[in-house]
Amino acid sequence: MSQNDKLYQIFLSHPEVTSDTRALIPNGIFFALKGGNFDGNQFAAQALEGGCAYAVVDNPAVVHDDRYILVDDVLTAMQQLAARHRRELSLPILQVTGTNGKTTTKELLAAVLGRKFRLLYTQGNLNNHIGVPKTLLRLRPEHQLAIIETGANHPGEIADLCRIVQADCGVITNVGMAHLEGFGSFEGVVRTKSELYDDLRQRGGYIFLHGEDDILRRQAVGLPAVTYGLTGQQNAVEGEVVACDPCLRFRWRRAGGDWNCVPTQLIGAYNISNALCAISAGIHFGVPDADINAAISEYCPTNNRSELLRTAHNTLIVDAYNANLTSMTAALENFGVMEHTDKLAILGEMRELGDFSVQAHLEVLQRLLSTDCKEAWLVGQGYEPALAQLTPAQRAACRLLPFPNVESVKAYLQDHPQHDRLILVKGSNGTRLFTLPEHL
């Protein structure tokens, strides 16, 4: 019996896995993963003492009895186990990736498809080389469909995840200016995200395709596609924005069919493409229209993405999990059309942009200045070089206050509380702007 076969037989009897001794699972399997500042092998004995049945390790020195499963590399073993488990259960899997909107799209897909199927789907943002196999190892025979989110910040990462997920169908929400430091260029982003299409071609899979995205359409040539997009573009599912006041209301239909009007709890007209993707998947998998509409209408974001929060003092638009040029531009465009007499934008710096950083931050400032927002707080060092390139007239058009970090914003708020304002909170997760709402 091979090592992979042995581990899989053990997993079938002990199907709960963990890699964190702070979250041990009685009778489960502990995977001794390594990180930049830790070596899980050193915690294997603690995991077994804490109730785990087995510990998968790759350091022979820590092995003391047959409860230790020695492998060449723990992460590789976990990924191979997840891929094996996925093959054995052989249920349909929809894989989601993209620069912006992939988590919201995944959540909307789960809301819609969950009306008909017993689903497994990615929780939170567990979309990397560790989170994806952990998610797949949660698959059980009672599941009928899975939705797996995959993310990347370096070339080849999506291809690696595709080999684990082995999807039947997929969607790339969009391709934007993010993680350029890791990808090297925008073309590198396109190539990496398109690795999902390459994988599906080899598997004979199909895609849900945003029909107005020229880049994605070019990359998808030859793949069977269910298209979605705005009206008049010959998509299988078409839709249009009715209002954003402040939440998105839109209508959709099958091409040439009757309209369905749907109110949502999402902020931003840009979310219509995420909703249309979920609708197209719902139709494809046979979810009734009424259930589709109810699922999207009832979905409430709670993950710092497109959230509308009303505090005792202000109305907040919180989109503080991700920030790149594409998502920043979309957020500011939406903020600009919202009606309010006193707007404040709190913008965190964008990270991992490499040589494009100064230009990207300058473009964000220029987009900000094109709105009716008269005050903005700029959090992080990334804005400093861009601020220096603004003309005196541009600086005079909007009160721009720089802050080195989110803690300095909190300190400023103690002496300068805000009242009766519409406030956009937008930045990379690393800037921790998501900790601001309780202070506003």
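**Close-up views of salt bridges and a buried strand**

**View 1. Asp168 and Arg86 form a salt bridge, with the closest N and O atoms 3.0 Å apart.** A salt bridge is here a side-chain nitrogen of Lys or Arg within 4 Å of a carboxyl oxygen of Asp or Glu, while helices (H or I, at least four residues) and strands (E, at least two) are DSSP runs numbered from the N terminus. The model is predicted, with pLDDT of at least 70 needed for local features and 80 or more for side-chain atom pairs, whereas totals for chains, interfaces and linings use all residues. Residues are numbered from 1 along each chain as its sequence is written, and side-chain values use heavy atoms, leaving out hydrogens and water.

**View 2. Asp5 and Arg84 form a salt bridge, their closest N and O atoms being 2.8 Å apart.** The pair links distant parts of the chain, Asp5 in helix H1 (residues 3-13) and Arg84 in helix H3 (residues 74-89), which are 79 residues apart.

**View 3. Strand S18 (residues 343-348) is mostly covered, six of its six residues being buried.** Buried means under 20% relative accessible area, exposed over 50% and partly exposed in between, for a 1.4 Å probe and protein chains only. Lys343, Ala345 and Leu347 point one way from S18, and Leu344, Ile346 and Gly348 point the other way. S18 pairs in the parallel sense with strand S21 (residues 422-426) over five bridges, where pairing requires that DSSP finds at least two bridges between two strands.
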